[in-house]
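Hi everyone, thanks for making time today. Let's look at this one together.

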Amino acid sequence: MSARRNLAWLGLTPEPEKELPSAVAALRAPAADGPTPVLVAAERRHVERLVLRGTQRGWLRYLGEVTDLVVAAAEEPMPADAGPALLAGEVVLDHHRMLIGLPGPGYERATAQRQALERAVVRLRTRRGEHRSTV
């Protein structure tokens, strides 16, 4: 086995690194408090560690956590603000769709997450009065 890491997954898109920390911090924060600068900074450091020192498997595991947060927000009857969940859902969905261009089983592994995100994004867009297709 080669000691070289496969880094192809890092070239997909920079949007998750840029967009997810603040959106995920908002999803993790108590609704009344919202995301504090400390929570956003901690999420940004977490993402940075994953990108700089992590693996594709670890990155996909993190995106699985984000998927769970988005799906949970979409299932809430009356969320305070669907914006962060919609942003995170769209970013992860786009990322997961691009996995088809990479070698390895990442695209297949993300199938259930893509399907859950597609449903969640539709729900969140409907809540916000948007009606774009996810296809």
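The mean pLDDT, the predictor's confidence in each residue from 0 to 100, is 84 for the chain, and 84% of its residues reach 70 or more. This is a predicted model, so to speak of local features we need pLDDT of at least 70, and side-chain atom pairs count only at pLDDT 80 or more, while totals for chains, interfaces and linings use all residues. Residues are numbered from 1 along each chain as its sequence is written, and side-chain values use heavy atoms, with hydrogens and water left out.

Now to a helix pair. The axes of helix 2 (residues 37-53) and helix 3 (residues 56-75) come within 9 Å and cross at roughly 150°. Axes here are lines fitted to C-alpha atoms over the stretch in contact, with angles from 0 to 180 degrees between N-to-C directions; helices are DSSP runs (H or I, at least four residues), numbered from the N terminus. The two helices are therefore roughly antiparallel (angles over 145 degrees). Helix 2 brings Glu43, His46, Val47, Leu50 and Val51 to the contact, and helix 3 brings Gly58, Trp59 and Tyr62 (heavy atoms within 4.5 Å).

Terms used:
Parallel < 35°, antiparallel > 145°, perpendicular 65-115°, else oblique.
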